[in-house]
Amino acid sequence: MSSMRGLVVFISDLRNARVRELEEKRINKELANIRSKFKEAKLDGYQRKKYVCKLLYIYILGWDVSFGHLEAVSLVSSSKYSEKQIGYLAVTLMLHENHELLHLVINSIKKDLDVNNELFNCLALHAIANVGSKEMAEVLSPDVHRLLISPTSKPFVKKKAALTLLRLYRKYPGIIQPSWVERIIAIMDDPDLGVTLSVSSLVLALVQDNPELWQASLIKAAGRLYRLVVKREYSEEYLYYNVPIPWLQVKLLRMLQYYPPSDDPTVQKLIGKSLQRILDTASEPQKNVQQNNAQNAILFEAIDLSIHLSSAPSSQEYLAQCTALLGKFISSRETNVRYLGLETMTHLASTLEDLRPLQKHQATIIQSLRDRDISVRRRGLDLLYSMCDSSNAQVVVAELLRYLQSADYSIREEMVLKIAILTEKFATDATWYIDITLQLLSFAGDYVSDEVWERVVQIVTNNEELQEYAAMTVLQHLKSPACHESLVRVGGYILGEYGHLIANTPGSAPIDQFKAVHSKFGVCSPGTRAMLLSTYVKFINLFPEIKHVCIKVFNTYSKSIDAELQQRACEYLALVSMPTDDLMQTVLEEMPPFPERQSALLKRLHGKTGEMEDKRIWVLGGKDTSNEKEALKLNLSSVPKMTEANGSATSPGQELVMSGLDMNSPVNLAAPLFPNLATAAHLSPGWEEGYYSLLSRNEGVLYEDEQIQIGWRSEFHGPLGRVALYFGNKTTATYQSLTSTVENPDKSALSITSPHLPSTTLPAEGQTQQMLNVECLGVFREAPTIRISYLAGALQAVTLKLPVTLNKFIEPAQLGKDDFFPRWKQIGGGEREAQKIFSPVSGERIDMARNRRLVEGLRWAVLDGVDQNPMNIVGAGVLHTRTGKIGVLMRLEPNMDQNLFRCTIRATNEAVPKAVEDVLLDAMKAY
């Protein structure tokens with residue numbers, strides 16, 4: 001660009017222009033020249049590039065250059081990098097996502113994505129990410145995905161492709177196809193940590209919206225974090241002030257928080273060791289500020305993960321360590337550390353059953369409300385709200401009320417909400433609740449949302465024992481010279497409904513109540529005045545002696561210019577002027593209790609999370625709020641006849657016009673799930689041979705193709721077994737991202753655990769192994785399956801059935817002739833017997849020697865000389881499970897003439913015969 005002398009001179013002229021008129025004159029002259037040049041037929045690529053660069057500079061200064069859009073778009077299709085670069089720069093700067101010329105660029109972008117030129121690929125990816133129109137997302141996302149997963153793509157292209165997909169997904173979530181899941185997750189094992197970081201950013205966003213679909217990322221994240229933190233598998237270039245790639249560590253730790261604690265001991269072990277290493281190393285402060293910041297970022301995410309895993313018994317030791325660290329952090333001299341400490345302690349408070357360890361720091365947390373930094377004050381407020389319980393509620397609420405009068409204006413509304421919620425949630429005394437809420441309305445009326453005062457009205461209406469005290473107290477507030485409008489609304493409603501309860505009290509006569517309310521009438525808004533007119537008509541119904549005073553007010557406002565006030569005054573005049581009071585008494589009956597719904601205060605509070613933030617896995621408040629999100633309940637232990645106040649806030653002054661609006665309807669946001677490819681429904685072709693042969697053998701080849709060989713070795717004793725799987729690379733290329741996923745269809749009857757995960761890298765002509773520990777818990781019929789995937793250029797995967805069947809847990813039992821048949825008859829038939837007649841699968845003649853070897857391989861003891869027919873094979877065994885032993889007997893009777901078998905199996909448990917028979921029939925398919 002520096003070689004374009006005309007562009008340099010033009011920019012220099014504009015900079016030297018001392019007044020705007022000279023700049024405008026120079027720009028208009030240049031625009032006229034560019035227009036004339038564009039009209040010429042013979043304009044080479046260099047000249048077009050130069051003029052588009054001038055247009056770009058003019059556009060940045062704020063001038064309209066729409067006439068040059070088409071010329072800029074034409075540069076994108078150039079074969080020269082310098083011209084294409086300017087074309088893409090112009091497109092990303094001057095065209096928005098709905099521009100009419102954008103469809104002309106899409107074909108050129110698609111060609112640049114397809115060409116084997118990394119520079120062109122990157123220019124195209126930049127344009128897609130910056131413009132990101134819906135049409136681009138729909139048409140080009142498959143090409144972006146192809147660049148991401150292609151084995152020929154350079155690492156920097158993969159990084160840009162991952163971030164481009166992330167950009168498109170945030171705007172149009174539908175562009176990510178479920179069939180891409182396995183392939184994208186596999187790239188998290190890429191040897192280039194930069195690629196891993198970019199893909200982890202993409203997967204983190206996807207996991208937040210649909211963790212079930214991206215479940216496989218849990219094991220990947222745990223394994224990658226372990227290799228980074230514990231095994232230190234990284235190159236020197238990814239050390240940031242002696243901290244290995246902290247951005248990736250933070251993303252992996254956060255990704256793990258979107259899944260519940262894993263039941264897999266291997267995953268638990270990987271996460272536990274990683275957390276312990278992070279807590280041990282990062283908790284030591286460093287002198288270097290940058291290193292300290294990086295370590296703190298990782299440490300706080302590790303603490304958040306420890307809190308998230310607190311339900312797992314193995315995490316309790318980490319949790320105690322985290323609590324001690326947080327106590328130090330909230331007292332730190334660094335503002336950032338104090339902020340993060342308070343926020344993380346708030347997370348901790350949302351999960352703890354016992355808040356006493358946190359309440360030890362209550363004085364420090366209260367002091368944070370007076371911090372110079374507003375963000376620290378907000379986090380301190382959140383923490384006080386979350387750590388509040390019945391033991392410290394009055395102290396916390398009193399402190400918040402005291403601070404409210406001097407608090408920053410930007411957090412007053414939030415403080416009011418939280419004080420109102422805490423007052424209601426932990427109220428044990430009716431007078432305390434009423435006093436605090438009315439003080440709240442008085443102190444911070446300008447910052448009280450409608451939900452707060454409406455909630456007070458709800459609770460008073462639904463709790464009969466509160467009504468008299470509330471009426472008396474609110475009347476005293478109305479008599480004071482200064483009274484906020486929110487308090488006037490509450491007073492108008494409560495006195496209109498329950499003023500008769502205090503009418504005989506000195507100073508609370510009907511006329512005194514009217515004067516107290518009407519003294520505030522002139523300074524209220526029209527909406528509040530309309531409410532007070534409803535109060536006056538209720539006064540007429542309750543206190544006929546002040547009817548004439550109220551009618552004067554109605555007469556005055558029946559001519560008001562405000563339509564609402566005029567309509568109410570006229571209607572109320574007509575109502576009270578009827579010959580009888582029957583209709584008036586019916587219309588003005590006491591309001592019924594509000595329906596039970598979730599508190600509108602909680603809804604308003606929990607709806608304040610920023611849209612661009614990562615989704616939280618917890619909400620503000622104690623454990624009950626986070627886990628159950630219950631509606632608030634007033635807990636007045638001193639009042640036995642209390643109705644729960646769970647109504648959704650509605651406006652009493654508008655006669656409950658919104659009482660039928662249910663804002664708590666659940667919304668189903670779950671995306672359709674991609675099928676689990678590790679199940680028996682997705683077995684790979686050729687799985688049968690190895691499976692059937694290993695039903696009666698302890699070692700052999702489970703599966704083999706041109707690329708990989710999977711070997712099997714097993715041993716079983718009683719209900720326990722141990723299996724070794726050997727993965728052999730048959731090629732001269734290294735395989736990456738080797739992943740195995742075991743699917744157990746009956747976890748209640750069979751336990752499968754893996755002490756360690758296989759290595760993610762399978763070297764050329766090399767081998768790695770994975771151990772499985774199995775235990776028979778009960779009777780099961782379906783064998784587990786395993787899916788092995790790896791990157792050999794493209795993603796390769798096989799799903800196989802594991803030969804872990806019920807017969808593996810049978811121990812041979814020797815019985816004599818005098819023992820076998822009595823037991824056979826004792827077991828009897830019916831449900832304890834399974835019998836089937838079948839022919840040899842191969843169609844060959846019956847070979848009794850081979851069948852005997854098969855039965856012995858299935859772990860039966862073949863009993864010779866027991867059956868009268870020497871051709872019959874008689875077997876006995878004992879099935880071992882965790883809960884006990886089950887006797888199993890078998891007779892295999894051949895019919896040599898018809899080439900048929902009759903197999904009969906009896907067991908002391910009804911579920912066993914059919915399950916064992918199925919295994920025997922499957923095993924015979926290998927012979």
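Which residues in α7 meet which residues in α8? Asn121, Leu125, Ala127, Ile128 and Val131 in α7 meet Met136, Leu140, Val144 and Leu147 in α8, where contact means heavy atoms within 4.5 Å. The residues of this contact divide into 8 nonpolar, 1 polar and no charged; Ala, Val, Leu, Ile, Met, Phe, Trp, Tyr, Cys and Pro count as nonpolar, Asp, Glu, Lys and Arg as charged, and the others, Gly among them, as polar.

The model is predicted: local features need pLDDT of at least 70 and side-chain atom pairs count only at pLDDT 80 or more, whereas totals for chains, interfaces and linings use all residues. Residues are numbered from 1 along each chain as its sequence is written, and side-chain values use heavy atoms, with hydrogens and water left out.

**Helices α7 and α8**

Helix α7 covers residues 118-131 and helix α8 covers residues 134-149; their axes come within 11 Å and cross at roughly 140°. Helices are DSSP runs (H or I, at least four residues) numbered from the N terminus. Axes are lines fitted to C-alpha atoms over the stretch in contact, and angles run from 0 to 180 degrees between N-to-C directions. α7 and α8 are therefore oblique to each other (under 35 degrees counts as roughly parallel, over 145 as roughly antiparallel, 65 to 115 as roughly perpendicular and the rest as oblique). The crossing of α7 and α8 is left-handed, that is, the near helix is turned anticlockwise from the far one by less than a right angle.

**Aromatic pairs**

A search of the whole structure finds 19 aromatic pairs. Rings of Phe, Tyr and Trp (its six-membered ring) pair if their centres lie within 6.5 Å; planes under 30 degrees apart count as stacked, over 60 as edge-to-face and the rest as tilted. Two of the pairs are tabulated here.

| Pair | Centre to centre | Between the planes | Class |
|---|---|---|---|
| Tyr240 and Tyr241 | 4.9 Å | 80° | edge-to-face |
| Phe539 and Phe543 | 5.8 Å | 45° | tilted |

Tyr240 is partly exposed, with a relative accessible area of 25%, and Tyr241 is partly exposed at 41%. Phe539 is buried at 0% relative accessibility, and Phe543 is buried at 4%. Buried means under 20% relative accessible area, exposed over 50% and partly exposed in between (1.4 Å probe, protein chains only). Phe514, Phe521, Tyr536 and Tyr557 form one aromatic cluster.

**Ile307**

Ile307 lies in helix α15 (residues 289-308) and is buried at 0% relative accessibility. Not counting residues up to four places away in sequence, Ile307 touches Leu319, Thr344, His347, Leu348 and Thr351. Ile307 and Thr323 are 16 residues apart in sequence and 9.5 Å apart in space, C-alpha to C-alpha.

Definitions and conventions: Helix = DSSP H or I, 4+ residues; strand = E, 2+ residues; numbered from the N terminus.
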